[in-house]
Amino acid sequence: MKQTAAPASDDGLKLSTWLPYRLFLVAAQVARPLESFYSETFGLSQAGWRILAVIAERDAANASEIGRACALDPFAVSRGIGQLTELGFAMRRPGKTDRRFAAVSITRSGRSAFNRIAALGSAIEARLLARLSDSERNTLDSALTRLEGESARIDAVGWRALLDDALTP
């Protein structure tokens, strides 16, 4: 039986105006030049860069902490830490109380690489924020803080609870 295309509908979600997709597009568009820089200059993967940024901020973080901070699965964290140690950007030390939980710290060369990447990241952020007034920046910061909290709650309850809410009149 031949299927026909459904007519366009004004009901429901429109990807082009859906807030999560619009936030994703902005993030993806500004991440591309940064990713190109750190991969070409330092040979870093996206996971490697994210982990480097975390350990630049939190010395002696363990893999679980890094995974939560980067939203990466354990396999990606392990590979990223391996990449950073191979590049000389990080070092692992056995945990103080449990040797299974190694602490990951940034090295001097890792700090130098991080600082160069962070300078480009800051320039990108400055260009974005320059398009906004002080008032708009404050509003954006406040709104993002609230959206971060609500998105964490949405993630915690899972799709089944959300679907129940969506289908309840």
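**View 1. Surroundings of Ser105 in the predicted model.** Leaving aside the neighbours within four places in sequence, Ser105 of this predicted model is in contact with Ile55, Asp59, Ala60, Phe89, Ala90, Met91 and Arg93. Ser105 belongs to strand 3, which covers residues 103-106, and with a relative accessible area of 2% this serine is buried. Among the residues that Ser105 touches is Asp59, and here the two side chains make a polar contact of 2.9 Å.

**View 2. Thr107, between strand 3 and helix 5.** Thr107 lies in the loop between strand 3 and helix 5, and its relative accessible area of 18% falls under the 20% cut-off, so the residue counts as buried. The side chain of Thr107 is joined to the side chain of Ser109 by a polar contact of 3.3 Å. When neighbours within four places in sequence are left aside, the contacts of Thr107 are with Gly88, Phe89, Ala90 and Met91; Phe89, Ala90 and Met91 are also listed among the contacts of Ser105.

**View 3. The crossing of helix 2 and helix 3.** Helix 2, made of residues 46-57, and helix 3, made of residues 63-70, have axes that come within 10 Å and cross at roughly 115°. This angle makes helix 2 roughly perpendicular to helix 3. The contact is formed by Arg50, Ile51, Val54 and Ile55 on the side of helix 2, and by Ile66, Ala69 and Cys70 on the side of helix 3. Sorted by class, these residues comprise six nonpolar, no polar and one charged. The crossing in which helix 2 passes helix 3 is right-handed.

**View 4. The packing of helix 1 against helix 5.** Helix 1, with residues 19-42, and helix 5, with residues 108-129, pack at an angle of about 160°, and their axes are 10 Å apart. The two helices are therefore roughly antiparallel to each other, and helix 1 passes helix 5 in a right-handed crossing. From helix 1 the contact takes in Val30, Pro33, Leu34, Phe37, Tyr38, Thr41 and Phe42, while helix 5 contributes Ala113, Arg116, Ile117, Leu120, Gly121, Ile124 and Leu128. This contact of helix 1 with helix 5 is made up of eleven nonpolar, two polar and one charged residues.

**View 5. Two alanines with positive phi, Ala60 and Ala71****.** Ala60 is placed in the loop between helix 2 and strand 1, the strand of residues 61-62, and its phi is near 65°, a positive value in a residue other than glycine. Ala60 is partly exposed, with a relative accessible area of 33%, and this alanine is one of the residues in contact with Ser105. Ala71 is found in the loop between helix 3 and helix 4, the latter covering residues 74-87, and has a positive phi of about 55° although it is not a glycine. With a relative accessibility of 66%, Ala71 counts as exposed.

**View 6. Leu167 of helix 6****.** Leu167 is found in helix 6, which covers residues 134-167, and a relative accessible area of 65% marks this leucine as exposed. Between the C-alpha atoms of Leu167 and Ala63 there is a separation of 39 Å, and the two residues are 104 residues apart along the chain.

How values were computed
Residues are numbered from 1 along each chain as its sequence is written. This is a predicted model: local features need pLDDT of at least 70, side-chain atom pairs count only at pLDDT 80 or more; totals for chains, interfaces and linings use all residues. Side-chain values use heavy atoms; hydrogens and water are left out. Axes are lines fitted to C-alpha atoms, for helices over the stretch in contact, and angles run from 0 to 180 degrees between N-to-C directions. Helices (H or I, at least four residues) and strands (E, at least two) are DSSP runs, numbered from the N terminus. Angles under 35 degrees count as roughly parallel, over 145 as roughly antiparallel, 65 to 115 as roughly perpendicular and the rest as oblique. A crossing is left-handed if the near helix is turned anticlockwise from the far one by less than a right angle, and right-handed if clockwise. Contact means heavy atoms within 4.5 Å. Ala, Val, Leu, Ile, Met, Phe, Trp, Tyr, Cys and Pro count as nonpolar, Asp, Glu, Lys and Arg as charged, and the others, Gly among them, as polar. Buried means under 20% relative accessible area, exposed over 50%, partly exposed in between (1.4 Å probe, protein chains only). A polar contact is a pair of N or O atoms within 3.5 Å; within protein, one must be able to donate a hydrogen and the other to accept it, and residues adjacent in sequence count only if both atoms are side-chain atoms.
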